[in-house]
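Please view the sequence and the structure alongside the text.

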Amino acid sequence: FQVTIATRESDKARPVLSFQTWKKVIITGWYGTETNGDKAIIGEIVHVIKTINPNCEIILTTIYPSVSKQTAVELDGFAEISLISIYQKSFDLWVKDADAVIMGGGPMMETREMFNVLHMFESAAKFGKARIIFGCGIGPFHTKELEDVTARVIKLTTAGFLRDKESLEYAQKMYPETNLAYACDPAVGYIFRWKKSYLKRNAAPKKKVGLLVTMLRANTSEFSSSTNSSSLLQNNRNSADKIAEWLNKYLAIPGRNVKLLHMNAPWVGGDDRLFNRFVEEASTQENVIETERMYLSLDNHLENLMHAELALAMRYHGHVFCMALGLPFVSIDYTGSKGKVYSLISRIKYEKWSVKWDKLEGNASFHLIEELLTLREQMSNLLNQEAEKLVQLLNKTYRDVFGIELNYLDA
């Protein structure tokens, strides 16, 4: 795709945002615990930096280095990325030698690592370095302490954008003078580019007739804070039972297949394969359900989706992947009103095909799968259109916020 550097009068007041002159940047976030969705986010950030400035050195903070080392193996442009622990006692030595600190992975939310992000931004402010938020969400929070920490990070930010309007509104409540914009999750850009590249290298993928893939997860205390752990476990088992009812009915028709995929394989963050076992146990159709038990690289995961006719998505980035690939899906919304799933679903006008996690009804909601299967070509076209709208907005945001232009639609 074509790359241009947009120049504006206002850039003279913000030389720190000159992507093309940066020699070193630090990217932070929840890396070292990354899902395949998180990999798409960091893949997009690194792609943007390296496209504008191929010689820029990148340092990535990580919670568990072994997880991030695997990510580095999977993604282009990661061979020379350096890893440091997010639990540094002082970031001064690292930040002093860099040009920018980028918060670019997952939402700013109720997690103690937000203190480390704040310390990094404070260090960057002390040395006059750029402090950037790159497509993050905001929330959920369960304590005022972590909400205040996030507000301080937003106040220190020199430029950036959030992934949705709800996050921007939250940021404006925290710090009304914020200059943040909003676009979409950066993973949209990565998956959009991946699909175009895949179709150039391969013939149009042959869909496996009747194949439904799932991207499920157990709900956690992050999104169900008022429920104790034993009750949450039982609620997750109940949801697995109800999902199994859907799959049993779907598979009652010969020629159909189901594949249970996973988006999170590390032990930290809740390995999705554990929840898939609940679904397997509750299913009466084991012989036609295939459960992916091996590690799934991001490429492997996306290739699986390219061959499916339909998906059942609970993971937030499962929603993002399906939309960006044009794969019709039934949504299970576990994040609640104003949450990230709700925000995306309402944004792409997909509410009809979304069911609330705490209101799953196996028989009553099953008709959504059957109806969507008959409308899959029409819905695929609609999802492709919505994905293009978000990519256009992402391109515009890169131009307006950072003064760079990446023409993904012209690639």
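This is a predicted model: local features need pLDDT of at least 70, side-chain atom pairs count only at pLDDT 80 or more; totals for chains, interfaces and linings use all residues.

## Helix 7 against helix 15

Two packed helices are described by the angle between their axes and the distance between the axes. Helix 7 spans residues 187–201 and helix 15 spans residues 376–402; their axes lie 10 Å apart, at an angle of about 120 degrees. The crossing of helix 7 past helix 15 is left-handed.

On the helix 7 side, the contact uses Val-188, Gly-189, Phe-192 and Lys-195. Their partners in helix 15 are Asn-384, Ala-387, Glu-388, Leu-390, Val-391 and Leu-394. By residue class, this contact of helix 7 with helix 15 has six nonpolar, two polar and two charged members.

## Helix 7 against helix 10

Helix 7 also packs with helix 10, which covers residues 298–306. Here the axes come within 12 Å and cross at roughly 70 degrees, which makes helix 7 roughly perpendicular to helix 10.

Helix 7 contributes Tyr-190, Ile-191, Trp-194, Lys-195, Tyr-198 and Leu-199 to this contact, and helix 10 contributes Leu-298, Asp-299, Leu-302, Glu-303 and Met-306. Eight of the residues in the contact of helix 7 with helix 10 are nonpolar and three are charged, with no polar ones. Lys-195 of helix 7 takes part in the contact with helix 15 and also in the contact with helix 10.

## Aromatic pairs

A pair of aromatic rings is described by the distance of the centres and the angle of the planes. The structure holds twelve aromatic pairs. In one of them, Phe-141 and Tyr-170, the ring centres are 5.7 Å apart and the planes stand at 85 degrees, so the pair is edge-to-face. Phe-141 sits in the loop between strand 6 (130–136) and helix 5 (144–156), while Tyr-170 belongs to helix 6 (residues 165–174); the pair therefore ties together parts that are 29 residues apart in sequence. Phe-141 is buried at 14% relative accessibility, whereas Tyr-170, at 26%, is partly exposed.

Trp-194 and Tyr-198 form a stacked pair, with 4.9 Å from centre to centre and 15 degrees between the planes. Both lie in helix 7, four residues apart, so about one helical turn separates Trp-194 from Tyr-198. Trp-194 is buried at 8% relative accessible area, and Tyr-198 is buried at 7%. Elsewhere, one aromatic cluster is formed by Phe-19, Trp-22, Phe-134, Phe-161, Tyr-398 and Phe-402.

Ser-68 is placed in helix 2, residues 65–74. With a relative accessible area of 2%, Ser-68 is buried. Apart from neighbours within four places in sequence, the contacts of Ser-68 are Tyr-31, Gly-32, Glu-34, Leu-60, Thr-62 and Leu-83.

Thr-214 is part of strand 9, residues 211–215. Its relative accessible area is 0%, so Thr-214 counts as buried. When neighbours within four places in sequence are left aside, Thr-214 touches Val-258, Lys-259, Leu-260, Leu-261 and Leu-312.

Notes:
Residues are numbered from 1 along each chain as its sequence is written. Side-chain values use heavy atoms; hydrogens and water are left out. Axes are lines fitted to C-alpha atoms, for helices over the stretch in contact, and angles run from 0 to 180 degrees between N-to-C directions. Helices (H or I, at least four residues) and strands (E, at least two) are DSSP runs, numbered from the N terminus. A crossing is left-handed if the near helix is turned anticlockwise from the far one by less than a right angle, and right-handed if clockwise. Contact means heavy atoms within 4.5 Å. Ala, Val, Leu, Ile, Met, Phe, Trp, Tyr, Cys and Pro count as nonpolar, Asp, Glu, Lys and Arg as charged, and the others, Gly among them, as polar. Buried means under 20% relative accessible area, exposed over 50%, partly exposed in between (1.4 Å probe, protein chains only). Rings of Phe, Tyr and Trp (its six-membered ring) pair if their centres lie within 6.5 Å; planes under 30 degrees apart count as stacked, over 60 as edge-to-face and the rest as tilted. Angles under 35 degrees count as roughly parallel, over 145 as roughly antiparallel, 65 to 115 as roughly perpendicular and the rest as oblique.
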